[in-house]
Amino acid sequence: WLKPPSLRARSPRPPEQPLLTKKPKTMSSVPVADLSKEQKDELVCTYAALILHDDGAEVTPQAMTNLIKASGCIVESYWPMLMAKMINNCGMDQLIKMGSGGGGGG
């Protein structure tokens with residue numbers, strides 16, 4: 001009943017599958033390439049705000065702009081100001097909770 005590891009029966013290893021045999025899943029139902037310029041700008045600002053928040057930094061228009069520029073992205077100049085104002089009014093934690101709700105029942 002207690003056999004040394006070398007004598008225990010090993011289950012056969014499944015054959016290795018090549019990487020990317022299946023289509024990779026996207027974060028949303030629409031690929032980023034299919035988003036409008038405004039949607040891409042909003043997405044970039046959302047990511048910038050989440051990065052700043054996760055790092056414990058204050059989410060300000062200037063901090064968002066600096067991070068966006070450092071990433072090599074370009075957004076319309078009003079987006080960081082708009083997003084920072086919304087975050088400061090509602091609070092990042094509250095916005096995250098609002099976006100992470102479950103789906104409705106069927």
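Reader: Is D41 buried or exposed?

Author: Happy to start there, with the note that this is a predicted model. D41 sits in helix α1. The cut-off for a buried residue is under 20% relative accessible area. D41 has 2% relative accessibility, so D41 counts as buried.

Reader: Which residues does D41 touch, leaving out those up to four places away in sequence?

Author: Good follow-up! Helix α3 covers residues 78-90, and W79 of α3 is among the residues that α1 meets. With sequence neighbours up to four places away set aside, the residues touched by D41 are I74, V75, E76 and W79.

Reader: How is α1 oriented relative to α3?

Author: Let's take the geometry in turn. Helix α1 (residues 37-55) packs against helix α3 at about 50°, and their axes are 10 Å apart. The crossing of α1 past α3 is right-handed. Because of that angle, α1 is oblique to α3.

Reader: How do the residues of the contact of α1 with α3 divide into nonpolar, polar and charged?

Author: From α1 come E38, D41, E42, C45, T46 and A49, and from α3 come W79, P80, M83 and I87. Sorted by type, the residues of this contact are six nonpolar, one polar and three charged.

Reader: How many disulfides does the count come to?

Author: A disulfide needs two cysteine sulfur atoms within 2.5 Å. The closest cysteine sulfur to that of C45 belongs to C73 and is 9.6 Å away, so it is too far for a bond. The count of disulfides comes to zero.

How values were computed. Residues are numbered from 1 along each chain as its sequence is written. This is a predicted model: local features need pLDDT of at least 70, side-chain atom pairs count only at pLDDT 80 or more; totals for chains, interfaces and linings use all residues. Side-chain values use heavy atoms; hydrogens and water are left out. Axes are lines fitted to C-alpha atoms, for helices over the stretch in contact, and angles run from 0 to 180 degrees between N-to-C directions. Helices (H or I, at least four residues) and strands (E, at least two) are DSSP runs, numbered from the N terminus. Angles under 35 degrees count as roughly parallel, over 145 as roughly antiparallel, 65 to 115 as roughly perpendicular and the rest as oblique. A crossing is left-handed if the near helix is turned anticlockwise from the far one by less than a right angle, and right-handed if clockwise. Contact means heavy atoms within 4.5 Å. Ala, Val, Leu, Ile, Met, Phe, Trp, Tyr, Cys and Pro count as nonpolar, Asp, Glu, Lys and Arg as charged, and the others, Gly among them, as polar. Buried means under 20% relative accessible area, exposed over 50%, partly exposed in between (1.4 Å probe, protein chains only).
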